[in-house]
Amino acid sequence: MLDIQFIKENKEAVKQGMLNKGEKSNSLVDEVIEKDEQWRTLVQKVDEIRTESNAKAKQIGALMGQGKKEEAQAIIAETSQIKEDVKELEEELKVLAEERENMLLKIPNVAHPSVPVGSKEEDNETFDTWGEPNKEEWRKPHWEITERYGWVDFERGVKVTGAGFPFYVGPVAQLQRALINYFINEAGNAGYTELQAPYFVNEDSARGTGQIPDKEDMMYVIPRDEFFAIPTAEVPVTNFHRDEILSESELPVKYVCYTPCWRREAGSYGKDVRGLNRLHQFDKVELVKIVKPETSYEELESLREHSEKLLQALELPYRTLLMCTGDMGFTQSKKYDLEVWSPGQQRWLEVSSCSNFESFQARRMQLRYRKGEKKIEMTHTLNGSALALPRVVSAILEAYQEENGKVRVPEVLKGFIGRDYL
């Protein structure tokens, strides 16, 4: 969340930022500032009453020492009432603080000045492209390839769980495992520490990374235990250091983590959700960085470059988009999307998002670092998919297919799979 002092000092920018991110109203900015003023006024009042109470306590001691018990007893009765008043005011303070906190949680992050202002896909900027998209008409979409060979079983997935929960069979299961190992190995070579994370998180963790109160409807809930199934490894991994103060020498912290992910995304019909295009359960290798504020935008570029190099190594044409304000999400300050070319569908498919949150998540999690000997500051957090598996798998199936129906194995994966063809 945003710091209340930042909001007060940049009120108009925060209000405009809310509108730029697609919020229908920005009145919450004025409301939270008013709530903060109410809280501060009450804090001052409580402090004044406590000061008065302390002064009277000294009077009591002096009067008792002088043998003036009746006068002392009168002041004792008065201070008892003051204590009751302070107790009531402290409860009121607690309520005001909670109300202010709830308001702050609903104000989105402010976009970086380099982010284009816009509200639709067309407002995103093409940052870079790589490779030449294949456009041969004979290329089949991946769902036809997998159906032909029985490599992905959607029907049995529906029987066992429901739509969006497919079984991967034989060669495609091997392909997924090979990609996971390859992505993790490459991250390790780039200095990331591998984590194995829980697949379920509590409410504090979901709130810490901004899934609530913004994306509750997208997450699967386990109500009996008050857990959420993770929508991405970002949630448990970023919360790994929640409520901690790291030393400056520890930064940057870089983690890589493979997990399955669960999302209750409502899908439309047609090619947008056909085959592996949109699932409720999918696999992803995630990169998370915890860094010093002054380096976070350099770290974002290196995060983007790492994900791009994976697609280059797989020889999959892609484009990198700088996302506009209305298409980048509640929590991000800047975000790149990587979209791979799908030759069987003749369109671009998102396979990675690389985001900088600045201190937005860190403030929610109280994830700080010690700068120098005494100063405590919020860290900046970043994450990126490197990469999400289903659409990478579908792009490989479509790009590496031959006219005779066979599907080649990408060169960088042959050591994991052990053969030239799936």
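Student: Which residues of the largest nonpolar core touch the most other members?

Tutor: This is a predicted model, in which local features need pLDDT of at least 70 and side-chain atom pairs count only at pLDDT 80 or more, while totals for chains, interfaces and linings use all residues. Residues are numbered from 1 along each chain as its sequence is written, and side-chain values use heavy atoms, with hydrogens and water left out. A nonpolar core is a set of buried (under 20% relative accessible area, 1.4 Å probe, protein chains only) Ala, Val, Leu, Ile, Met, Phe, Trp, Tyr and Cys residues joined through side-chain atoms within 4.5 Å. The largest one has 52 residues, and those touching the most other members are Leu179, Phe183, Leu316 and Leu413.

Student: Which helix gives the largest share of this core?

Tutor: Helices are DSSP runs of H or I with at least four residues, and strands are runs of E with at least two, numbered from the N terminus. The largest share is nine residues, and the helix that supplies them spans residues 171-189: helix 7.

Student: Which residues is phenylalanine 183 in contact with, leaving aside its neighbours within four places in sequence?

Tutor: Contact means heavy atoms within 4.5 Å. With those sequence neighbours left aside, the partners of phenylalanine 183 are Val285, Leu310, Leu314, Ala386, Leu387, Leu389 and Val392.

Student: How is helix 7 placed relative to helix 10, and why?

Tutor: Axes are lines fitted to C-alpha atoms over the stretch in contact, and angles run from 0 to 180 degrees between N-to-C directions. Helix 7 and helix 10 (residues 296-313) pack at about 130 degrees, with axes 11 Å apart. Angles under 35 degrees count as roughly parallel, over 145 as roughly antiparallel, 65 to 115 as roughly perpendicular and the rest as oblique. Therefore helix 7 is, relative to helix 10, oblique.

Student: Which residues of helix 10 meet helix 7?

Tutor: The helix 7 side of this contact consists of Tyr182, Phe183, Glu186 and Ala187. On the helix 10 side they meet His306, Leu310 and Ala313.

Student: Is strand 16 mostly covered or mostly uncovered, and how many of its residues are buried?

Tutor: Strand 16 covers residues 380-388 and is mostly covered. Its buried residues number nine of nine.

Student: What is the bridge partner of valine 288 in strand 16?

Tutor: Two strands pair if DSSP finds at least two bridges between them. Strand 10 (residues 281-291) and strand 16 run antiparallel and are joined by seven bridges. In strand 16, valine 288 is bridged to asparagine 383.

Notes. Buried < 20%, exposed > 50% of the residue type's maximum accessible area, 1.4 Å probe, protein only.
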